[in-house]
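User: I am new to this structure and would like to know what lies behind the labels used for it. Please take me through them one at a time.

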Amino acid sequence: MASRVSEVAVVGAGYVGLVTGASLARIGHRVTCVDEDGDRVAWLREGKMPFYEPGLEEMVARGTGAGRLSFTEDLDAAVGRADVAFVAVGTPQGDDGAADLTNVSAVARGIGRALARSGRRARPLVVANKSTVPVGSGDYVSALVREGAEEAGDAGAAGEARFGVASNPEFLREGSAVYDSLFPDRIVVGAEEAWVVEAMRALYAPVIEQNFPVEMDPRPSVTVPFVVTDLASAEMIKYAANAFLATKVSFVNEISDLCELTGADVGSVATGIGLDGRIGPRFLNAGIGWGGSCLPKDVSALRAVAREHRHDTKLLDAAVAVNERRRDLAVSKLRDGLATLEGRRVALLGLAFKPNTDDLREAPSLGIAAELLSLGAEVVGYDPVAAKAAAHEAPGLRAVFDPYEALAGAHAAVVVTEWEEVRNLDLRRAASLMREPKLLVDGRNAFAPDDARGAGLLYRGFGRG
Ligand code: NAD
């Protein structure tokens with residue numbers, strides 16, 4: 001059965017919005033991505049990607065080529081014709097640790113104004129929030145859309161029939177975002193009205209049923225669970241998922257410290273516990289801890305919500321404290337191996353917060369570089385895509401695009417991000433280029449200790465006995 005084609009507006013053409021827009025076009029909808037950044041829109045119109053994400057350029061080209069995907073700064077026009085308008089703008093961490101809703105508020109008001117100006121009466125609009133926002137934001141967005149409509153002189157726009165709000169949290173992972181958006185583990189929709197849920201179910205039908213032309217093999221599942229909740233629960237699901245993942249990594253890092261003290265190997269322990277179906281094997285990699293654009297800010301926002309309710313988050317506080325120690329641990333492993341950092345050259349291998357992205361938000365590399373520079377070390381960073389941006393973010397860091405250039409003359413190297421290019425390093429060549437003591441601090445336990453030692457490196461992993 002052919003599925004219904006929807007007109008979609010996606011506001012915010014960032015990692016989430018652009019991938020969402022391109023994947024909705026991929027499954028047959030007509031999508032307009034709206035961004036306030038004129039340069040970004042101009043780039044996208046020329047087929048250039050504003051950030052690095054594997055497979056995205058091809059998916060965008062396919063959408064624009066088929067006439068199903070376009071880019072604009074004009075919110076009014078996009079919302080005027082939309083059945084569903086996604087809010088996919090940034091919700092960065094504010095000074096108080098809480099989520100900063102400035103962008104979401106501006107877009108919600110703008111959607112209200114656009115709705116009023118469009119003068120449409122018959123077709124209702126779903127405002128679907130993909131930005132990660134605290135519980136209660138759905139009602140807040142609803143109020144702002146209404147306010148926007150009233151500002152534009154259309155008090156009638158406040159009528160319930162004209163729009164409904166859904167929370168549709170996003171779980172894609174940078175680095176595999178295209179795959180995740182077409183083959184998600186689940187789709188979560190929170191809403192208070194049945195018609196809103198049904199509109200979202202219809203929009204996602206090709207993904208839910210895995211019924212769209214696809215070249216990717218293997219197809220991971222026959223159907224994708226569509227989880228329907230109230231607004232508040234959907235908003236909480238996103239925070240709870242990220243808080244759980246962060247806690248899981250901090251947990252294995254605490255076990256990693258105990259492995260170091262007792263002579264156990266955290267890799268074997270992770271394998272042994274991860275095969276228990278109740279635990280699962282993922283997010284059990286010990287090392288320098290979690291960072292990135294989501295986990296730190298989302299855990300912080302959840303703790304801020306708890307503070308507002310005068311509730312203690314002992315477990316989350318501990319997860320954060322354990323994580324903060326990881327970077328210090330990397331630096332102390334360097335200091336132990338080098339005696340001093342003053343005047344020593346350290347190569348950071350991988351700068352983006354994880355492989356296959358150029359995203360540097362809360363990247364561990366930046367904190368480690370700043371600490372090493374403050375201790376008098378010379379720091380050279382390698383990353384296949386994020387080197388230039390990292391040099392800008394961390395003044396004093398010399399960034400290069402060739403790992404061996406970073407290693408040449410270095411007294412020590414730290415594996416910060418386990419890119420394939422880092423995992424596949426020729427360790428003998430690395431050792432031949434480095435200066436004594438040729439220390440390798442393996443922040444992701446990416447190498448077999450024996451291989452590294454056999455190549456002539458002084459190897460220090462995390463939790464490896
Ligand atoms: P991003 O910074 O990459 O993109 C945000 C985009 O929104 C930018 O292009 C910006 O120009 C645009 N924008 C901001 N204000 C605007 C406005 N008023 N009108 C039009 N455009 C506007 O952000 P992101 O990483 O895509 O994150 C978006 C949201 O999704 C956040 O809430 C984030 O927590 C959540 N999220 C992110 C990820 C991820 O991996 N990046 C995963 C899941 C959820």
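Labels and their grounds

Analyst: Ala 339 sits in the loop that links helix H12 (314-338) to strand E9 (345-349). The model is predicted.

User: Why is Ala 339 called exposed?

Analyst: The cut-off for exposed is over 50% relative accessible area. Ala 339 has 68% relative accessibility, so it counts as exposed.

User: What makes the phi of Ala 339 worth a remark?

Analyst: Phi of Ala 339 is about 75°, a positive value, although the residue is not a glycine. Most residues other than glycine have a negative phi.

User: Which loop holds Asn 445, and what is its phi?

Analyst: Asn 445 belongs to the loop between E13 and helix H18 (449-454). Its phi is near 45°, again positive in a residue other than glycine.

User: How do you know that the bond between Glu 436 and Pro 437 is cis?

Analyst: Omega is about 10° for the peptide bond joining Glu 436 and Pro 437, and that bond is cis. Most peptide bonds are trans. Pro 437 is placed in the loop between helix H17 (427-433) and strand E13 (439-442).

User: What about Pro 206: why is it called buried?

Analyst: Pro 206 is part of helix H8 (residues 194-208). The limit for buried is under 20%; Pro 206 is at 2% relative accessibility, so it counts as buried. Pro 206 and Arg 26 are 180 residues apart in sequence, with their C-alpha atoms 10.0 Å apart in space.

User: What makes strand E6 mostly covered?

Analyst: Strand E6 (residues 163-167) has five residues, and five of them are buried. On one side these are Phe 163, Val 165 and Ser 167, and on the other Gly 164 and Ala 166, so both faces are covered by the under 20% criterion.

User: How do you know that E6 pairs with E5 and with E7?

Analyst: Two strands pair if there are at least two bridges between them. E6 and strand E5 (residues 125-129) share five bridges in the parallel sense, with Leu 125 opposite Phe 163. E6 and strand E7 (residues 187-191) run antiparallel and are joined by two bridges; there Ala 166 has Ala 191 as its bridge partner.

User: Which residues and elements make up the shell around the ligand?

Analyst: The ligand is surrounded by 27 residues, the closest being Asp 35, Thr 91, Thr 132, Glu 174 and Lys 297. The shell divides into nine nonpolar, eight polar and ten charged residues. Helix H1 (15-26) and helix H5 (102-118) each contribute at least two. Domain 1 (7-229) and domain 2 (248-465) each provide at least three residues of the shell.

Key:
Residues numbered from 1 in each chain as written. Predicted model: local features only at pLDDT ≥ 70, side-chain atom pairs only at ≥ 80, totals over all residues. Heavy atoms only, no water. Near = heavy atom within 4 Å. Helix = DSSP H or I, 4+ residues; strand = E, 2+ residues; numbered from the N terminus. Nonpolar A, V, L, I, M, F, W, Y, C, P; charged D, E, K, R; others polar. Domains from an automatic or database assignment. Buried < 20%, exposed > 50% of the residue type's maximum accessible area, 1.4 Å probe, protein only.
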